[in-house]
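Subject: Structure handover

Dear colleague,

Here is the structure I said I would pass on. My notes follow below it.

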Amino acid sequence: MKAKVYVTLKPSVLDPQGKAIKHSVELLGFDGISDIRQGKYFEIAIEGPLNAEQAREEAVRMAHDVLSNPIIEDFRVEIEE
Amino acid sequence: MKFGVVVFPGSNCDHDAYHVISKHVGQPVDFIWHRDTDLSSYDAVIIPGGFSYGDYLRAGALARFSPVMTSVKEFAAKGNLVLGICNGFQILCEAGLLPGALIRNRDLHFICDHVNVRVESINTPFTHELKAGSVLRMPIAHADGNFVCDDATLDELRREDRIVFRYCDREGQPTDAANPNGSRDNIAGICNRERNIMGLMPHPERACEDLLGSSDGRDVFRSLAGTLAAAA
């Protein structure tokens, strides 16, 4: 089983890296781009007796306590069986 | 009075802090390896600058889980003094000992420069020997020094006189141009509600000798030592 965790900056927090990436993308000629936000992606391989719901709870706890800083970031968890 | 300087893998201003305590403050000081947990012999602990754990995940995020940090929390909860400089500030924020967070600098650059900071509060154990409103010159060296917090936290910091240093120009004006990293309200250093924990991005320990371009940082350590001496 795999837990996929997406960590993104809260909408209220400025993302200077995302802004710089957007600028570069526009230099390449891509237009119609209103915003780029950079985030982090984690794949957590889970072994053992956990069912999907338990795995989700574990991943949420990890995402909240370690993978993200709740002051500045949001996260989303997906479980792949 | 005895000082401890915490050493994480990747700390690199630990020797600077040690040097200042032993040479300028003239007090005994130990390095504390991050796996050690006994802080009972110390009167103040410094979390130094550097790149603990390579800044992996987020600056300060992994150091927060080192065994010593549980002891630092207990040490601070008893009212003992904890000073976090640069990466130390980032670690204290990640550990929840100080509010807010430090994110990537506004212009994305690693900034290594001397900056001016205005003393906003002398009502702390770390700044009582400074003059309110005076301008100190200290180096900064960071990529993630952009202080962010929500409106409620900023109001609280202001109301409780917990903003200790702000980036300013030579005249002491906290202008946007004098803000090196985009920090909210030009904040360079804050303290906790109990005022025994302070974190700041500039390096007072690297501004204690004229030869290094500034000795303005000495007063921070003089204040700290003065507080401990008065309590002894």
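The largest nonpolar core has 77 residues (a nonpolar core being a set of buried Ala, Val, Leu, Ile, Met, Phe, Trp, Tyr and Cys residues joined through C-beta atoms within 7 Å; buried meaning that 20 or more other C-beta atoms, placed from the backbone, lie within 10 Å of the residue's own). Among the residues with the most contacts inside this core are B:Val45, B:Ile46 and B:Leu92. Beyond its neighbours within four places in sequence, B:Val45 is in contact with residues including B:Gly4, B:Phe75 and B:Val82 (contact: C-beta atoms, placed from the backbone, within 7 Å). Another core, of eight residues, lies apart from it and includes A:Val5 and A:Phe75.

This is a predicted model, in which local features need pLDDT of at least 70 and side-chain atom pairs count only at 80 or more, while totals for chains, interfaces and linings use all residues. Residues are numbered from 1 along each chain as its sequence is written, and chains are lettered from A and ligands numbered from 1 in the order in which they are written.

Chain A follows the pattern β-α-β-α-β along the sequence (DSSP runs: helices H or I of at least four residues, strands E of at least two, numbered from the N terminus). Of its 81 residues, 17% count as buried. Its C-alpha trace spans about 50 × 25 × 15 Å along the principal axes.

In chain B, nine strands form an open sheet of mixed pairing, in the order β2-β1-β3-β4-β11-β10-β9-β6-β7 (strands pair if DSSP finds at least two bridges between them). β2 (29-33) and β7 (135-142) of chain B each have a single partner strand, so one side of each lacks a neighbour in the sheet.

Regards

Methods. Buried ≥ 20, exposed ≤ 12 C-beta atoms within 10 Å, placed from the backbone. Contact = placed C-beta atoms within 7 Å.
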